[in-house]
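The following note is set out as numbered points for a colleague's review. Please read each point alongside the coordinates.

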Amino acid sequence: MKELLRVTGLKKYFPVLKGLFKKKIGEIKAVDGIDFTIGQGEIFGMVGESGSGKSTAGRAAIRLIEPTAGHIEFAGKDFSSLNKENLREFRKEIQMVFQDPYSSLNPRKTIGDSIGEALVYYGMINTHQEKIERVSEILEKVGLNSDIMSRYPHEFSGGQQQRICIGRAIATKPKLIICDEAVSALDVSVRAQILNIFSTLSQEMNLSYLFISHDLSVVRYLCDRILVLYLGQMMETARTEELFTNPKHPYTQALLSASPKKHPDEQKQRILLKGEIPDPMHPPSGCPFRTRCPYAREECKEPPPLREFLDSKGALHSYRCILS
Ligand SMILES: Nc1ncnc2c1ncn2[C@@H]1O[C@H](COP(=O)(O)OP(=O)(O)O)[C@@H](O)[C@H]1O
Ligand SMILES: [Mg+2]
């Protein structure tokens with residue numbers, strides 16, 4: 001599989017300011033040095049509890065917010081050093097779909113204008129007729145009737161609104177879409193339909209996704225590979241099936257045991273996830289998970305080793321833990 005996105009050493013620190021003079025009293029290491037790659041047409045999942053840094057990682061990886069550090073390559077080009085002007089050209093190659101479709105649509109714009117806007121902006125269409133044709137095609141792709149073009153977002157259900165947002169995201173024929181909790185607010189029945197749309201579009205358009213979700217069953221259904229994030233750090237990365245059948249990191253095991261199981265064998269892995277994520281301003285030294293880990297020992301106060309091996313299908317499985 002050809003590589004589309006390569007992210008190395010990505011960090012995003014937010015300063016914590018206090019008082020009238022906005023004195024910096026500390027920082028939140030929302031993303032603290034993560035590496036990942038996404039192949040062309042690959043669906044790459046990122047999971048972790050709320051506050052683990054998923055949204056920040058997704059935004060920083062495409063420079064929607066400026067990373068504190070890190071190197072980003074997109075389609076073989078150095079993306080981290082692009083200036084604003086060149087970044088704009090790349091913007092049509094990368095789109096986002098968010099959790100709340102209604103708030104990401106302009107309530108005063110018709111569906112046709114919302115979807116057609118980027119096509120006009122990037123000069124991808126020249127006439128009104130072209131716009132209508134292209135928007136109709138897009139609406140059809142996301143399972144909506146083209147006669148809704150002149151209607152407004154509030155006239156639609158949450159699931160339909162999310163279809164519209166997906167339509168808007170694919171309008172410029174991007175290579176990569178970042179989906180940040182894109183199905184988390186939807187009813188279970190609608191969720192399955194939207195996941196199917198994502199899956200079909202990926203195949204039809206050779207589209208890659210960075211699919212961010214706190215919900216393991218969602219990433220399991222859709223993703224080819226998954227990265228497990230905790231307090232801004234990578235705990236484990238593996239192929240989806242490998243991660244679910246052979247989780248190595250205690251945090252992954254704990255997440256899996258908190259989510260409904262698909263197979264009785266998964267029971268073996270059950271460990272309980274106790275307590276809350278620590279204060280991100282004062283994360284534990286060494287392994288960030290050690291304060292909640294049932295296997296924690298003295299050595300865990302030091303940064304854990306990165307362990308890597310090839311799984312039964314020959315794909316890389318990596319995790320950071322003293323356990324082997
Ligand atoms: N703009 C910001 N300013 C300060 N802290 C932030 C900002 N955005 C996120 N954070 C903090 O960074 C951490 C990770 O947040 P986020 O990336 O939203 O996690 P997730 O998406 O996994 O829930 C949290 O502790 C959050 O409070
Ligand atoms: Mg988030």
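1. Basis of the note. This is a predicted model, in which local features need pLDDT of at least 70 and side-chain atom pairs count only at pLDDT 80 or more, while totals for chains, interfaces and linings use all residues. Residues are numbered from 1 along each chain as its sequence is written, and chains are lettered from A and ligands numbered from 1 in the order in which they are written.

2. The eight-stranded sheet. An open sheet has eight strands in the order β6-β7-β8-β3-β9-β10-β12-β11, and its pairing is mixed. Helices (H or I, at least four residues) and strands (E, at least two) are DSSP runs numbered from the N terminus, and two strands pair if DSSP finds at least two bridges between them. At the edges lie β6 (94–97) and β11 (306–310), each of which pairs on one side only. Neighbouring strands of this sheet are turned by 20° against each other on average, direction ignored; axes are lines fitted to C-alpha atoms, for helices over the stretch in contact, with angles from 0 to 180 degrees between N-to-C directions.

3. β11 and β12 form a hairpin with five residues between them, and Gly314 in the turn has a positive phi of about 80°. The strands run antiparallel, with five bridges joining β11 to β12 (residues 316–320). Arg307 stands opposite Tyr319, and Glu308 stands opposite Ser318. How many of the five residues of β11 are buried? The count is zero, and β11 is hardly covered. Here a residue is buried if 20 or more other C-beta atoms lie within 10 Å of its own, exposed if 12 or fewer, and partly exposed in between, with C-beta atoms placed from the backbone.

4. The four-stranded sheet. A further open sheet has the order β2-β1-β4-β5, with antiparallel pairing. Its edge strands, β2 and β5 (77–78), each pair on one side only. Five bridges join β1 (residues 3–18) to β4 (residues 69–74), and the bridge partner of Val7 in β4 is Ile72.

5. The shell around ligand 1. Among the residues surrounding ligand 1 are Phe14, Ile28, Gly53, Lys54 and Pro280; a residue is near a molecule if its C-beta atom, placed from the backbone, lies within 6 Å of it. β2 (23–39) and α1 (54–61) each supply at least two residues of this shell, and the largest share, three residues, comes from α1. By class, the shell has four nonpolar, seven polar and one charged residues. Ala, Val, Leu, Ile, Met, Phe, Trp, Tyr, Cys and Pro count as nonpolar, Asp, Glu, Lys and Arg as charged, and the others, Gly among them, as polar.

6. Helix packing around α6. The axes of α4 (residues 111–121) and α6 (residues 158–170) come within 7 Å and cross at roughly 25°. These two helices are therefore roughly parallel to each other, a class for angles under 35 degrees, with over 145 roughly antiparallel, 65 to 115 roughly perpendicular and the rest oblique. α6 also packs with α7 (residues 188–205), at an angle of about 15° and with axes 10 Å apart, which makes α6 roughly parallel to α7.

7. Gly158. Gly158 belongs to helix α6. Is Gly158 buried or partly exposed? Gly158 is partly exposed, because 15 other C-beta atoms lie within 10 Å. Its C-alpha atom is separated by 8.8 Å from that of Val190, 32 residues apart along the chain.
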